[in-house]
Amino acid sequence: MSRPSTKPLLAEFETPDALVRALRLARADGHRLLDAFTPFPLEELSGALEPARNPVRPVMALAGFGAAAAMYGLQWYSAVYAYPLNSGGRPLHSWPVFTLVPFEFGVLAAAVAGFAAMLWSCGLPRLNHPVHDMPQFERASQDRFLLLVAPKDAPAPLRRRLEEAGALLVSEMHG
Amino acid sequence: MTGGAQAPRWIVPAQLSHGAISAAIADPIQKRGPGRLWFYALLATLPFVLVTLGAIGAVLTVGIGLSGVNTTVVWGFSIANYVWWIGIGNAGTLISSMLLLTRQRWRASINRFAEAMTLFAAGIAGIFPIIHLGRPLYAYWLAPYPNTMELWPQWRSALVWDFWAILSYILFSALFWFTGLLPDLATMRDRATTRAGQVIYGALALGWRNSARHWQVYETYHKTMAALAVPLVCSVHSIVGLDFAASLMPGWQESIFPPYFVVGAMYSGFAMVVVIAIFIRWGLNLQAVITPAHFDVMGKVMLFASVVMTLSYATEWFMAWYGGEPADRDVVRYFFVGDYRWLYYALIACNCVVPQALWFPFARRNLWVLAGISVVINIGMWFERILIVWNTLSHGHAMSLWRTYHTSLYDLAILFGPLGLFVLGFLVLVRILPVISMHEVRQISHDEGAAA
């Protein structure tokens with residue numbers, strides 16, 4: 001905020017190719033890419049931005065295996081200690097069938113934990129965000145490709161670069 | 001199967017632009033009224049819904065005696081309906097996740113409503129085991145919780161496995177479906193013209209911004225869920241198969257039951273998806289995104305499933321003969337010459353013979369023929385489930401107990417009523433949420449546009 005001239009610029013493009021072209025040009029000039037907003041995931045962008053915290057898979061694995069182990073423990077405790085019941089002479093600890101419920105429960109726990117981890121690493125739910133106030137931002141969920149870049153010093157050269165690359169509209173972001 | 005260098009197959013070229021795709025899918029909900037036909041359809045489902053609620057109320061107050069079960073044939077319509085609905089319910093997530101993992105991009109046009117089909121069908125299926133309990137008020141005893149009776153569930157019981165399988169599956173499917181919906185809810189929010197639309201879709205979208213970082217995390221989660229969904233779905237219907245196979249009854253205690261049930265689920269589920277796709281395509285004018293190529297591949301999948309089902313039936317007969325157990329051999333003989341033989345022949349005709357028409361491209365491309373075959377498959381799959389129950393129970397080990405089932409009015413109510421409930425669910429859904437995954441269709445259009 002101390003240097004108002006380096007406010008990030010949001011550029012609107014009509015095609016994903018134009019966005020990728022602008023992204024390469026801006027990066028070559030030494031500007032910092034903050035984010036891109038596209039109506040569908042673009043493969044070209046996956047390496048371009050510094051990776052977000054993405055703990056989804058480890059969290060899912062931990063929750064899934066943990067919940068499955070806990071469920072197995074519960075079955076073992078209830079069938080062997082708390083309520084031993086001789087069912088047709090089968091062993092109290094009937095491990096082959098005791099694997100079914102932990103599997104189902106583990107998958108459910110992994111799904112729920114993964115969903116929570118996904119929201120957490122996206123910073124959601126957050127119903128309002130400064131980018132929502134930008135012109136044309138509502139098109140990012142439909143048919144426009146937006147790029148958010150922080151200029152390295154003065155914004156004018158970056159703005160020129162983005163316009164050269166085919167930006168329909170370049171606007172300064174506030175807040 | 002992906003576009004490659006060929007002309008676009010999964011989307012009509014005139015509609016390639018991203019904006020046109022959003023408009024085609026979102027506008028019927030946000031800009032156009034439901035239309036008179038929709039109201040008529042809604043009214044037509046109401047009697048079915050009332051019948052369903054009445055039947056459930058009746059069986060909860062009067063008791064299981066309303067059903068046609070007797071001391072020999074202790075299972076009946078409830079169990080057959082349960083297996084039928086959960087089979088349809090399994091297919092949605094199975095189709096969606098398997099096609100995602102195998103990179104079948106054409107799934108984008110069908111996965112959303114296939115997953116919604118899962119939610120409605122699995123929800124309806126969940127009613128049946130409860131209303132079939134002799135004492136439904138104790139259904140919660142299936143859950144392990146500390147109680148003053150110091151009782152615990154019997155973990156070796158197939159009913160307890162069912163409880164966990166259905167519970168996990170419904171909640172998992174709801175999450176999978178909602179995750180896929182999230183970016184589309186953001187589109188709906190951004191296209192909404194009314195304050196109420198912005199607030200409701202905005203709240204549901206949780207503030208989704210289409211950021212590249214969001215997409216990255218989203219894709220990780222969605223793909224991992226798909227990878228988990230495939231074994232989960234197979235386990236759910238295998239557990240349904242184990243309800244039968246874990247017994248000692250002739251005709252049930254077969255190791256082929258779990259996989260045979262899974263294929264049966266995929267079979268009836270694909271047939272149901274085809275029927276729903278035809279209705280949605282026609283009702284919402286989505287000819288541009290659900291193309292003849294979609295019906296062609298779905299027809300091929302049904303044909304494949306039909307061949308596997310036929311092979312499974314043949315294996316059942318062969319194993320009974322090869323195993324040499326007299327009771328097993330006698331049950332298979334009873335299939336063909338017993339009390340329910342005409343239903344059994346109908347089953348063979350519906351599931352094995354009629355779908356062979358799908359070998360011909362004409363049958364896969366003509367929607368009337370395809371819809372007819374799909375309905376026939378669903379009828380045949382219901383016959384299969386009721387006959388699995390009836391044939392074995394009517395012809396068990398003890399000859400002195402051999403009896404047949406006598407269908408009651410209540411049975412018919414719980415057979416036909418829930419169909420209306422299912423249709424009602426879809427009618428409401430198509431008016432409030434995008435039934436086709438907009439962001440995935442945009443991606444296909446991008447890929448096909450680049451290829452063409």
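Strand β1 of chain A and strand β3 of chain A, residues 145–150, run antiparallel and are joined by five bridges. Strands here are DSSP E runs of at least two residues, and helices are H or I runs of at least four, numbered from the N terminus. Two strands pair if DSSP finds at least two bridges between them.

A word on the source. This is a predicted model, where local features need pLDDT of at least 70, side-chain atom pairs count only at pLDDT 80 or more, and totals for chains, interfaces and linings use all residues. Residues are numbered from 1 along each chain as its sequence is written, chains are lettered from A and ligands numbered from 1 in the order in which they are written, and side-chain values use heavy atoms, with hydrogens and water left out.

Back to β1(A). In β3(A), E12(A) has L146(A) as its bridge partner. Strand β4 of chain A, residues 169–172, also runs antiparallel to β1(A), with four bridges between them. There, L9(A) is partnered with E172(A).

Why is β1(A) largely enclosed by the rest of the structure? Five of its five residues, 9–13, are buried, where buried means under 20% relative accessible area, exposed over 50%, and partly exposed in between, using a 1.4 Å probe and protein chains only. L9(A), A11(A) and F13(A) point one way, L10(A) and E12(A) the other, and all are buried.

Now chain B. I388(B) sits in helix α13, residues 367–394, and is buried at 9% relative accessible area. With contact meaning heavy atoms within 4.5 Å, and residues up to four places away in sequence not counted, I388(B) touches F244(B), W252(B), F257(B), Y260(B) and F261(B).
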